[in-house]
Amino acid sequence: MTDPAETGGPAPLVDEAGKKAAVAWVSVDGAPARALWCVPADGSLHVVTGTGEQSAAGLAAGVPATVTLRGDHGGQIVTWPAEVTLIEPAHPGWESIAAQVAAKRLNAPGSPADLVRRWADECQLYRLTPAGPPVAAGSSLPDGSLAAPPRPSTVARPTRPPFRLHRVRRR
């Protein structure tokens with residue numbers, strides 16, 4: 001069996017985990033990872049960002065990224081470096097790739113064709129392609145929890161006491 005690095009293809013674990021991915025944790029240029037919905041196609045993961053879609057701060061073509069995928073049990077199984085490529089609407093494969101991604105988009109307003117048109121005008125479609133051997137897999141995965149405290153957010157609301165219809169009187 002040949003080494004994936006010699007053939008230029010991704011490691012088998014990266015390839016298999018990527019085929020089943022619906023969510024990937026993407027760290028851009030060493031920043032904390034963000035969970036992004038993604039669609040696997042052609043040995044890569046595809047991510048849409050922009051107006052009305054998910055935010056992926058710092059994600060841009062040529063910027064180093066690291067992708068972490070989980071297994072069926074919900075835990076991390078592989079982390080790999082990714083080459084980030086912006087797929088422009090003028091790209092010959094734009095229509096087919098955008099249509100595949102639009103078909104997997106949950107709760108989207110409008111039809112997939114409307115979604116593809118909106119993405120062409122207002123959003124960015126990125127391809128995340130494995131760019132080297134996994135940096136963490138198997139025995140090199142951390143043993144402890146990787147849980148981190150929640151990041152500060154402007155969308156958090158103060159908790160109010162629950163509404164009560166009447167007062168209960170004690171006898």
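**View 1. Counting nitrogen–oxygen contacts between charged side chains gives 3 salt bridges in this model.** A pair makes the list when a side-chain nitrogen of Lys or Arg sits within 4 Å of a carboxyl oxygen of Asp or Glu. Keep in mind that this is a predicted model, where local features need pLDDT of at least 70 and side-chain atom pairs count only at pLDDT 80 or more, while totals for chains, interfaces and linings use all residues. Residues are numbered from 1 along each chain as its sequence is written, and side-chain values use heavy atoms, with hydrogens and water left out.

**View 2. Glu-53 and Arg-105 join up through a salt bridge, with N to O at 2.8 Å.** This one spans distant parts of the chain: the two residues are 52 residues apart, with Glu-53 in the loop between β4 (44-50) and β5 (65-70) and Arg-105 in the loop between α3 (94-104) and α4 (112-122). Element names here follow DSSP runs numbered from the N terminus, with helices being H or I of at least four residues and strands being E of at least two. Is Glu-53 buried or exposed? Its relative accessibility is 13%, so Glu-53 counts as buried. Arg-105 is buried too, at 19%. (Buried means under 20% relative accessible area, exposed over 50%, and partly exposed in between, using a 1.4 Å probe and protein chains only.)

**View 3. Glu-53 also has a salt bridge to Arg-118, where the closest N and O atoms are 2.5 Å apart.** Again the pair links distant parts of the chain, as Glu-53 is in the loop between β4 and β5 while Arg-118 belongs to helix α4, 65 residues apart. Both Glu-53 and Arg-118 are buried.

**View 4. In helix α4, Asp-114 and Arg-117 are 3 residues apart, so about one helical turn separates them.** They form a salt bridge whose closest N and O atoms are 2.3 Å apart. Asp-114 is partly exposed, with a relative accessible area of 34%. As for shared partners, salt bridges tie Glu-53, Arg-105 and Arg-118 into one network.

**View 5. Strand β6 (residues 76-87) runs antiparallel to β5, and 6 bridges join them.** Strands count as paired if DSSP finds at least two bridges between them. Across this pairing, Thr-66 faces Pro-81 of β6. The β5 and β6 hairpin has 5 residues between the strands, and Gly-74 takes a positive phi near 95° there.

**View 6. β6 also pairs with strand β7 (residues 123-130), antiparallel over 6 bridges.** Look for Thr-85 opposite Arg-127 in β7. Strand β8 (residues 136-137) is another antiparallel partner of β6, through 2 bridges. There, Val-78 has Ala-137 of β8 as its bridge partner.

**View 7. The largest nonpolar core has 23 residues.** A core here is a set of buried Ala, Val, Leu, Ile, Met, Phe, Trp, Tyr and Cys residues joined through side-chain atoms within 4.5 Å. Those with the most contacts inside the core include Val-26, Leu-45, Trp-80 and Leu-128. Elements giving two or more residues are α2 (12-20), β1 (23-28), β4, β5, β6 and β7. Which element gives the most to this core? That is β6, with 5 residues.

**View 8. The largest pocket has a volume of about 450 Å³.** On a 1 Å grid over the protein atoms alone, a pocket is an open set of points where a 1.4 Å probe fits, with protein on both sides within 12 Å along at least five of seven lines, and lining residues have an atom within 4 Å of a point. Points are joined across faces, edges and corners, and the volume is the space filled by probe spheres set on them. The lining has 14 residues, with Trp-25, Ala-33, Thr-68, Gln-76 and Leu-146 nearest the centre. β5 and β6 are the elements that give two or more residues to the lining, and β5 has the largest share, 3 residues.

**View 9. Asp-29 has a positive phi near 55°, though it isn't a glycine.** Most residues other than glycine have a negative phi. Asp-29 sits in the loop between β1 and β2 (34-37) and is exposed at 56% relative accessibility. Asp-42, also not a glycine, has a positive phi of about 55°. Its loop runs between β3 (39-41) and β4, and Asp-42 is exposed, with a relative accessible area of 67%.
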